[in-house]
Amino acid sequence: MAPMAPIDPHSFTDSTHPLATHISLSLFFDFSSSLIHASALLTLPSPYSGPLSLDARGLTVLSVLDPLTSSPLPFSLSSPEPIKGCHLTLTLSNHSSVVIVYTTAPTASALQWLSPPQTFNKTLPFVYTQCQAIHARSVFPCQDTPAARVCYSARLNVPCQLSAVMSARHVDRRDPIAGEGSLLACGDGAWCAEGRTVEEFVMEQPIPPYLFAFAVGELGFREVGPRTRVYSEAVPAVLEAAAKEFASAEDMIRQGEALFGPYEWERFDLLVLPPSFPYGGMENPRMTFLTPTVLKGDSSGAQVVAHELAHSWTGNLITNKTNEHFWLNEGFTTYAERRIVEAVQGEDRAALNIGIGWRGLNKEMERFKDNLEFTKLKTNQEGVDPDNVYSEVPYEKGFQFLWRIERQVGRPAFDEFTKKYIATFKFKSIDTETFLEFLKANLPGIEKEIDLTLWTEGTGIPPDAYEPVSSIYTKIISMANEFKLGRMPREDEVADWGGMEWELYLENLPKSIEASQILDLNARYSLSESKDYEVKVAFLLLAIASKCKDHYAEVEKTLKAVGRKKYLVPLYTALVEGPGKEEEKILAKRVFAEARDTYHPIAQGVVETILSKHI
């Protein structure tokens with residue numbers, strides 16, 4: 001057999017094999033055993049003979065069939081590699097399509113199965129996906145690389161009391177039809193059983209596999225705009241809070257269109273997930289997934305929505321070819337998010353957003369000081385688990401790079417460039433080199449003004465990166481510096497502060513403050529009880545740094561209440577990193593043991609990595 005010609009360090013996809021153009025899925029949800037019994041029909045561009053390499057993780061492959069004759073086709077499944085999972089090789093002879101019958105594992109890395117007690121209403125179960133970066137392969141066998149865009153359709157067979165949403169257009173909710181389940185491990189009897197219903201979806205635009213998504217549970221929704229519904233578990237309080245927080249969705253879509261051209265995905269619906277969702281948001285097309293921690297009651301959560309919306313152009317229309325070029329997705333989207341925030345919420349909000357990001361970027365430089373590869377925009381991820389190096393670098397350094405270009409050529413020219421960039425590469429997956437070539441061709445001479453190689457391949461923060469300038473930003477930073485001299489902020493100075501102002505203030509306080517100062521600050525402003533997790537976690541990190549043990553109970557409560565990695569990673573890291581942390585390590589270990597089952601598998605893995613490094 002010819003040697004593998006991989007196109008992505010995180011996939012077994014072979015560049016000499018054809019890429020599937022369509023996948024049709026039948027999924028039977030068995031909540032009692034946390035399994036999906038399934039079949040996947042892969043369609044190739046033309047008849048093909050030879051091996052076809054696919055990614056699979058934890059899948060039990062029962063058979064591979066010719067869809068026309070139902071005769072079995074040869075296949076082999078390698079033993080799993082720790083990062084990539086299993087290499088599934090099919091052997092085709094003049095086939096343009098193939099059916100794979102399989103069952104997912106209860107531990108599938110993309111899926112979190114919530115038992116009724118883990119949901120808001122505590123009566124019915126819930127399941128949802130998180131496929132980015134390389135977890136789609138744990139739900140269906142595929143060429144799981146963003147270089148391989150694919151259209152899909154899906155039939156989800158679920159209990160009648162539940163409903164489903166997907167990153168796709170909803171076509172129908174109907175009764176099961178006899179024969180539909182005959183290939184599956186559960187059989188047609190289970191497929192057509194009393195109390196089951198089928199939800200059908202179709203995605204007619206080619207998307208990278210990491211954007212495949214579904215959620216199944218007791219869902220309700222509210223209309224918030226002509227193109228937008230907010231979904232969540234059917235809890236009136238959550239739905240009302242979400243509808244209020246995201247009332248500006250249509251405004252944001254229009255701002256996005258003004259900046260980047262037409263919104264190509266028809267609808268922009270939002271799903272607020274249970275607290276264990278591991279990210280702030282996930283830009284699944286047509287159906288953005290959101291953490292409930294964005295429901296802050298002050299519309300600042302709408303900035304996360306602005307970010308996920310911006311992905312509708314940068315990320316979903318133009319996609320990084322592999323995770324090594326992740327900055328193309330996230331740097332552009334962070335830039336776009338801030339332009340939308342500036343247009344909808346004003347320049348001060350945007351400056352605070354940039355300032356919080358600048359602080360975050362500087363903290364990541366400290367985190368990766370022994371692994372400078374991951375302070376670059378373009379990274380080498382051979383043998384690296386993308387979940388373990390996920391950081392703010394591609395977002396914030398990527399933003400700084402684009403902001404630097406904007407400052408060089410002026411906003412009108414940069415806006416024109418961006419529109420042309422999106423129109424040129426939409427529905428394609430590209431790499432850093434392609435972007436730089438396009439940049440040089442369309443903004444001639446830019447390479448003489450800006451060191452493009454330093455920005456994309458250099459480590460650390462380039463000297464021409466830029467801290468934001470705004471009166472509110474400057475004022476907060478100087479107040480944070482005065483705290484070192486023992487000056488507490490006065491009531492009148494912070495009377496109109498929201499979560500972002502407090503977050504920026506806390507992020508800029510010295511880590512070496514006394515426990516007594518922490519107690520004073522909290523006595524005055526009750527930060528440990530903040531409803532805004534950004535504020536609460538920034539405060540708790542200071543409490544851990546100063547060993548202010550009065551707040552450890554609140555640390556424990558927070559680690560048990562939410563599963564968002566943005567909070568878990570710094571809190572667990574603060575507890576176990578550095579000398580003299582014996583008591584904190586015991587706390588971290590115990591809390592994780594007790595909270596682990598409430599986290600999504602991606603979050604479980606990341607926390608395990610942190611603990612194993614330090615304990």
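This note comments on a helix pair, one alanine and the cysteines in a predicted model.

1. Helix α17, which covers residues 533-545, packs with helix α19, residues 565-576, at an angle of about 5° and with the two axes 10 Å apart. Because angles under 35 degrees count as roughly parallel, α17 and α19 are described as roughly parallel to each other.

2. The residues that meet across this pair are Tyr533, Glu534, Val537, Leu540, Leu541 and Ile544 on the α17 side, and Lys566, Tyr567, Pro570, Leu571, Ala574 and Leu575 on the α19 side. Sorted by class, the contact of α17 with α19 consists of 10 nonpolar and 2 charged residues, with no polar ones.

3. Ala515 belongs to helix α16, which spans residues 515-525, and its relative accessibility of 23% makes it partly exposed. Once neighbours within four places in sequence are left aside, Ala515 is in contact with Ser546 and Cys548. Ile544, which was named above among the α17 residues that meet α19, lies 29 residues from Ala515 in sequence, while the C-alpha atoms of Ala515 and Ile544 are 9.1 Å apart in space.

4. Cys548, one of the contacts of Ala515, is buried, with a relative accessible area of 1%, whereas Cys192 has a relative accessible area of 31% and is therefore partly exposed.

5. How many disulfides does the structure hold? There are 0. A disulfide is a covalent bond joining the sulfur atoms of two cysteines. For Cys192, the closest cysteine sulfur is that of Cys186, at 9.4 Å, which is too far for a bond, because a disulfide requires the two sulfur atoms to be within 2.5 Å.

Notes. Residues are numbered from 1 along each chain as its sequence is written. This is a predicted model: local features need pLDDT of at least 70, side-chain atom pairs count only at pLDDT 80 or more; totals for chains, interfaces and linings use all residues. Side-chain values use heavy atoms; hydrogens and water are left out. Helices (H or I, at least four residues) and strands (E, at least two) are DSSP runs, numbered from the N terminus. Buried means under 20% relative accessible area, exposed over 50%, partly exposed in between (1.4 Å probe, protein chains only). Contact means heavy atoms within 4.5 Å. Axes are lines fitted to C-alpha atoms, for helices over the stretch in contact, and angles run from 0 to 180 degrees between N-to-C directions. Angles under 35 degrees count as roughly parallel, over 145 as roughly antiparallel, 65 to 115 as roughly perpendicular and the rest as oblique. Ala, Val, Leu, Ile, Met, Phe, Trp, Tyr, Cys and Pro count as nonpolar, Asp, Glu, Lys and Arg as charged, and the others, Gly among them, as polar.
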